Amino acid sequence: MRHFTRLLLGVAAGTLMAGAASAADLTVGFSQIGSESGWRAAETSVTKQEAEKRKVDLKFADAQQKQENQIKALRGFIAQGVDAIFIAPVVETGWDTVLQEAKDAEIPVILLDRGVKASPDLYMTVVASDQVHEGKVAGDWLVKDVGDKTCNVVELQGTTGSSPAINRKKGFEDAIASHANIKITRSQTGDFTRAKGKEVMEGFLKAENGGKNICALYAHNDDMAVGAIQAIKEAGLKPGTDIKVVSIDAVPDIFQAMAAGEANATVELTPNMAGPAFDALEKFKADGTLPPKQIITESKLYTQADDPMKVYEEKKGLGY
Amino acid sequence: MSNRLLPFYATLLIAVVAYGLCVMQFPNMFSTRVLGNLLTDNAFLGIAAVGMTFVIISGGIDLSVGSVIAFTGVLIAVLVGWYGFHPLVAFAIALLLSTLFGAGMGAIIHYLDVPAFIVTLAGMFLARGLSFVITTDSIPIGHEFYSTIQSLYWRMPGGGRLTVIGGLMLVVFLGGIVLAHFTRFGSYVYALGGNRQSAELMGVPVARTTVLIYALSGFLSGLAGVVFSIYTSAGYPLSAVGVELDTIAAVVIGGTLLTGGTGYVAGTLVGVAIQGIIQTYIVFDGTLSSWWTKIVVGILLFAFIALQRVLVLVSSRKAGALAPA
């Protein structure tokens, strides 16, 4: 019994100390989908960093890819009386009830990275990237880089039918549409994976006279580009010079490739969705300004001129 | 105190102590809001766990629970969303199918004398596969009936909400308690789990009881699916993966013997509540990994299995000591 009393006292003391330490202005609950990809893990670490930087008390809940866990976490946040809720929803449907509860409790909800099928007045804003724009930034870079020269592009698409694959393809095509010297000669899916990217690139190289007819590769994500770079090297060509490589996502490995001169450019899908969300929230708390219903994150272009090794060092600790 | 009730009291004590410790650290957890959330958020788990309690008391197991929940949800979403059925009609069809599905598994288990583990494992794959054949997407259910049900709740003092599905779970538990302890079917289930051969000799209709037990579990899984579809207003073939294991954990933590014969439906409710309390605590804390839920549940399972084993050994030694006298 004495042990039990001591335990209780310990817990009570801990509570008091925690109360004294957390003089944070804001408490924000963040319901994350899980950690299914490197990007997702990076998003989680960046969100935690941003919260720490702004002295926000972040309550983090990992839903292990399950919607029921996310709904439970949201209800828990509401019961706790947090100041705001961030959520990266695992599916688009089924959020109406719990979002209504948050609204009734006057807790603003900000969606990160993905949208939901629910009435827009149930959440404050969505912070997400514009995938068409990402493709366009990649295309614009190529247009500027090749100038008036003729350039045959091969394209490694993402998973067939997935929205990033459709949108990133469209954006790139829009960018090169008015430049007759650049055209896509071959386009196939590489499923967003390294292995498939390499395999499909090998096929492209064989079909295009050992790669001599290819001027540039556009990959819908960096992983496929990294695989394709391997294939280009094995075919005896120099990636980055013989065949230009441009891709999207900006994961650490592509910066290593850029530092080695094997990749030319990447467009960042920023894992920092929370930064703009915190900005919007702080503004709202300060003077009641409502943000626009959609906040588009920056799709930043990185090239070999941007000191890739430095970016690599910054990014590698984020959990990619 | 009877040995049989000891695991139940142990569970109850753990639940109360755990909740007390949580409240000491986060006073906000002592609110009707959290209570309402526990009921609403665990409604589907609790309802399925009642069915699982009967199955385990009878000495069996039902691994198809999670898949049947997903299948029911997808079926309802398709019937309502694509074919324009009224949700109540869709519920009836879904419940009928899930009950028949359970009865079918029960019949195979009994007449072909196949272990329940294998039959319900096959059932798990079958139901999950069927849901994916129907659709691979999450289908929203936008019927008015759904929004009406979702907006119905009793506002408890303190702002907590007792929702329709939370209330339904309590009703199912009450029904389960009555069925287990006050009906002939209930005593057959206990007899079957205690010792099948002597049950047969005593005149328990083994075939009918087995089929009925799995039909009941199928029906309650279907009902859990209905509740889950109201909970998320959508049908999604990937939902409720592994829920069968959570229900088994709730049943065992609730003091039911995995080998059958002993157990309490009320204990299962406490088992569900303990899992819910752990999850709520983790959300309130906000820094712990959510996987701690699994770790704590794992530890509790080990503890309860050990406790039950010790109780069995102690009582058999007592019996042994009495025998020569």
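Let me start with confidence, since this is a predicted model. Among the elements of chain A, the lowest mean pLDDT, 45, belongs to α1(A), and the highest, 97, to strand β8 (residues 216-219). Over residues 4-23 of chain A, pLDDT stays under 50, and the model has eight contacts beyond four places in sequence for that stretch. Where pLDDT is low, the predicted coordinates should not be read in detail. For chain A as a whole, the average pLDDT is 90, and 92% of the residues score at least 70.

Next, the domains of chain A. The assignment gives domain 1 as 24-129 + 271-289 and domain 2 as 131-269 + 303-316. The C-alpha centres of these two domains of chain A lie 33 Å apart.

Now the contact between the chains. Chain A contributes 28 residues and chain B contributes 25 residues. On the chain A side, the elements giving two or more residues are α1 (2-21), β2 (56-62), α3 (67-80) and α4 (96-104). Which element gives the most to that side? That is α3(A), with nine residues. By residue type, the side of chain A that touches chain B divides into eleven nonpolar, ten polar and seven charged.

Last, one helix in chain B: α13, residues 265-285. At 1.5 Å a residue, its 21 residues should span 30 Å; the end C-alpha atoms of α13(B) are 31 Å apart, which agrees. Is α13(B) mostly enclosed or open? Of its 21 residues, 20 are buried, so α13(B) is largely enclosed by the rest of the structure. Just after α13(B) comes B:Gly286, with a positive phi of about 80 degrees.

Notes:
Residues numbered from 1 in each chain as written. Chains lettered and ligands numbered in written order. Predicted model: local features only at pLDDT ≥ 70, side-chain atom pairs only at ≥ 80, totals over all residues. Contact = placed C-beta atoms within 7 Å. Helix = DSSP H or I, 4+ residues; strand = E, 2+ residues; numbered from the N terminus. Nonpolar A, V, L, I, M, F, W, Y, C, P; charged D, E, K, R; others polar. Expected span 1.5 Å × (residues − 1). Buried ≥ 20, exposed ≤ 12 C-beta atoms within 10 Å, placed from the backbone. Domains from an automatic or database assignment. pLDDT = per-residue confidence, 0-100.
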